[in-house]
Number of protein chains: 2
Amino acid sequence: MNLEETLNWRYTTKDFDPKQQISEADMSQIKNLLRMSPSSINLQPWHFIIAETKVGKERMAKGTQGFFHFNEPKVTNASAVVLFCAKTSVNEDYLTHILNTEDKAGRLPTEDIKNGLFGAMNAFTNIHKYDLKDVQHWAEKQVYLNIGCFLLGVASLKIDATPMEGIDVKALDEEFGLREKGYTALVAVSLGYRTTSDFNATDKNPKARLPENELFTTL
Amino acid sequence: MNLEETLNWRYTTKDFDPKQQISEADMSQIKNLLRMSPSSINLQPWHFIIAETKVGKERMAKGTQGFFHFNEPKVTNASAVVLFCAKTSVNEDYLTHILNTEDKAGRLPTEDIKNGLFGAMNAFTNIHKYDLKDVQHWAEKQVYLNIGCFLLGVASLKIDATPMEGIDVKALDEEFGLREKGYTALVAVSLGYRTTSDFNATDKNPKARLPENELFTTL
């Protein structure tokens, strides 16, 4: 599919066919997609918990109890569920770790370039630490950027997705011991294949978007 | 290009060729991409200022003075610059406007469905208004999701992009009268075509990402 076809094909799936499984080759592409997402200063402030087994999805369904019970079938009937977790702090050790990752990849041929990059990473981080005081939100925004990239990317593979903010993040943080590891659950995205009876994913139910004249100012 | 090729081809461009312009057909696809992005409860809390002319890019460059002067050539040499703006508040009038947009598109065949959706929209918004008290961050996260979808989408068209948080949002808010209109500037994305001498976009400069064992927990 080209871009326009992918955008038209993509729907937030409300009803997964529990009998259809994503192939191993596609799961490998899905992981590559998560890993290759851009982020500000290449911060990569994320971790991904991927449930593919019945037991794994049952653990994930601990985030869809009580108020969020309406999302439970989207977890249990999916082929896989990706829990997007955000890093809860960004300190100099972590920035050094990212810097070393850049270095290992061969992106920092001289000490000057390495020092320059580290200075820029600290300068940007400090805007969020001291001026805006929003480091955690800044990190979470990068995770949302990854989610946006992810939703278009999986659609290009003709895999259906359901992004869910409607999850009990505290229950999932506890289930997976996330807070102790420096992460917190943010959004779950279920993956699989829509049923033919999915009310949301049909041409009879066209996507609703604000009109162009409200959205764009062209200069 | 397939997904893997697109991910490998995509780089944050550091050097645009000022002589290469994006075609009208591609600019039309770019607008469609911005418009069709998903968002939580279909909130679409965004507005896009698109500078395509020399005068438009000069106005955009008011956001790349002083501390952010290093980003100025990425604005002036780009073929087009998209300024992603976030809505600064979400009130019941706006939710009604979104509901009516869904209705016009034909997504709400009965009053029951319409009322159910409006209840859900309010319930989710109220989590952010009263429990998390983060409505503005929530709206901005949706804009970041759009940016992520956008960066992959334009890459699939073989158009280069440079996302920039490093802009003077206050200067841009003033230049475009955004705050009075209920928006604030968030991120600019320059679009165009890399030069062959762009140091960042070359196979010799491979993308650096954290290793899989740090990124993934598989269940």
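Predicted model: local features only at pLDDT ≥ 70, side-chain atom pairs only at ≥ 80, totals over all residues.

Q: Why is B:Thr6 called buried?
A: The relative accessible area of B:Thr6 is 3%. Buried means under 20%, so B:Thr6, at 3%, gets the label.

Q: Where in chain B is B:Thr6 found?
A: B:Thr6 is part of helix H1, which covers residues 3-9 of chain B.

Q: What is B:Thr6 in contact with, leaving aside its neighbours within four places in sequence?
A: Those partners are B:Met1, B:Leu152, B:Ala155 and B:Ser156. Contact here means heavy atoms within 4.5 Å. There's also B:Leu157, 151 residues apart from B:Thr6 along the chain, with 8.9 Å between the two C-alpha atoms.

Q: What makes a residue part of the lining of the largest cavity, and which residues are they?
A: A lining residue has an atom within 4 Å of a cavity point. The list is B:Arg10, B:Tyr11, B:Leu151, B:Val154, B:Ala155, B:Ile159, B:Asp160 and B:Ala161.

Q: Which element gives the most to that lining?
A: H7(B) does, with 3 residues. Helix H7 (135-156) and strand E3 (160-164) of chain B each supply at least two.

Q: How do you know which classes of residue the lining has?
A: Arg and Asp count as charged, and the tally for the lining is 6 nonpolar, no polar and 2 charged residues.

Methods
Residues numbered from 1 in each chain as written. Chains lettered and ligands numbered in written order. Heavy atoms only, no water. Helix = DSSP H or I, 4+ residues; strand = E, 2+ residues; numbered from the N terminus. Buried < 20%, exposed > 50% of the residue type's maximum accessible area, 1.4 Å probe, protein only. 1 Å grid on protein atoms, 1.4 Å probe; cavity = no way out; pocket = protein on both sides within 12 Å on 5 of 7 lines; lining within 4 Å.
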